[in-house]
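Biologist: I want to know what stands behind each label you use. Please set every value against its rule.

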Amino acid sequence: MSRGRLTAAESAEAFRRLEAEMPGRTATAKGPKDQPDPFRSVVACMLSAQSRDANTALATERLFALADTPDAMLLLGEAAIARAIKPCGLYNMKARNIVRLCGDLTQRLDRNVPATREGLMALPGVGRKCADIVLSFTYGQDVIAVDTHVFRVANRLGLTEARTADETARQLERDAPGFARRDGHFWLIQFGKAVCTARRPQCETCFLADLCRWFAATRGDGEPA
Ligand code: SF4
């Protein structure tokens, strides 16, 4: 059943409180993929799909020790890529997509990873979440990338009312106040890890409880959204 969304004024108030309480983007803040160039950033992002951070980090390290450019990756070949990235799961599909991505970059894009969402999402194996992470962290654009924490918090609180991460991203892009676009991703992730956790959200002491649609509907006792 729909719990409803925050009004524009309530949404702005929620983001203002998040800004006051949660750390934002800092010079030392590492992007989720912390890679030094757009190519490695987009590949690391592909490897992270349905993988724990530690497994993604291991797969990424193993792969980039063998090849870290599109040409070197094509020389390495799909079977060797799959072996290197085995820790992150779905490795056959991911290896296939990496080879297709490198083919696209070398043949169509002069080895340049696009700096637009449309361009990124046209690449094999790159979805909205991955595109937004690359735009935000690698290209420094004001984009609220939606990971599992941002998805959970935005939809519990009522910043969005969406069933998927992509729809959540579209609603945030359309409706989030301007001041929240640069650091909103960071505020929501930190809040999701510290307060609005997946299993035990701390509703009783939450500084957003008076605004929260999930809390209003369940008084914090319902099944987590
Ligand atoms: S009141 Fe509870 S569900 Fe709502 S934002 Fe706070 S911790 Fe999350």
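Modeller: A salt bridge is a side-chain nitrogen of Lys or Arg within 4 Å of a carboxyl oxygen of Asp or Glu. This is a predicted model; local features need pLDDT of at least 70, side-chain atom pairs count only at pLDDT 80 or more, and totals for chains, interfaces and linings use all residues. Residues are numbered from 1 along each chain as its sequence is written, and side-chain values use heavy atoms, with hydrogens and water left out.

Biologist: Why are Glu 13 and Arg 17 called a salt bridge?

Modeller: Their side chains meet at 2.8 Å, N to O. The limit is 4 Å, so the pair qualifies.

Biologist: What separates Glu 13 and Arg 17 along helix H1?

Modeller: About one helical turn, because they are four residues apart in H1, residues 8–21. Helices here are DSSP runs (H or I, at least four residues), numbered from the N terminus. The whole structure holds 16 salt bridges.

Biologist: What makes domain 1 and domain 2 separate entries?

Modeller: The domain assignment gives domain 1 as 8–27 + 147–218 and domain 2 as 38–138. Such bounds come from an automatic or database assignment. Eight residues of domain 1 and six residues of domain 2 make the contact, meaning heavy atoms within 4.5 Å. The domain centres, taken over C-alpha atoms, are 29 Å apart.

Biologist: How do you know what area is buried between domain 1 and domain 2?

Modeller: Buried area is the accessible area (1.4 Å probe) that two parts lose on being put together, summed over both. Here that comes to about 590 Å², with 49% from carbon and sulfur atoms.

Biologist: What makes Glu 173 and Arg 128 a salt bridge?

Modeller: Their N to O distance is 3.9 Å. The cut-off is 4 Å, so this pair passes. The rule finds two salt bridges across the interface of domain 1 and domain 2.

Biologist: Which helix gives the largest share of the side of domain 1 that touches domain 2?

Modeller: H10, with four residues.

Terms used: Helices (H or I, at least four residues) and strands (E, at least two) are DSSP runs, numbered from the N terminus.
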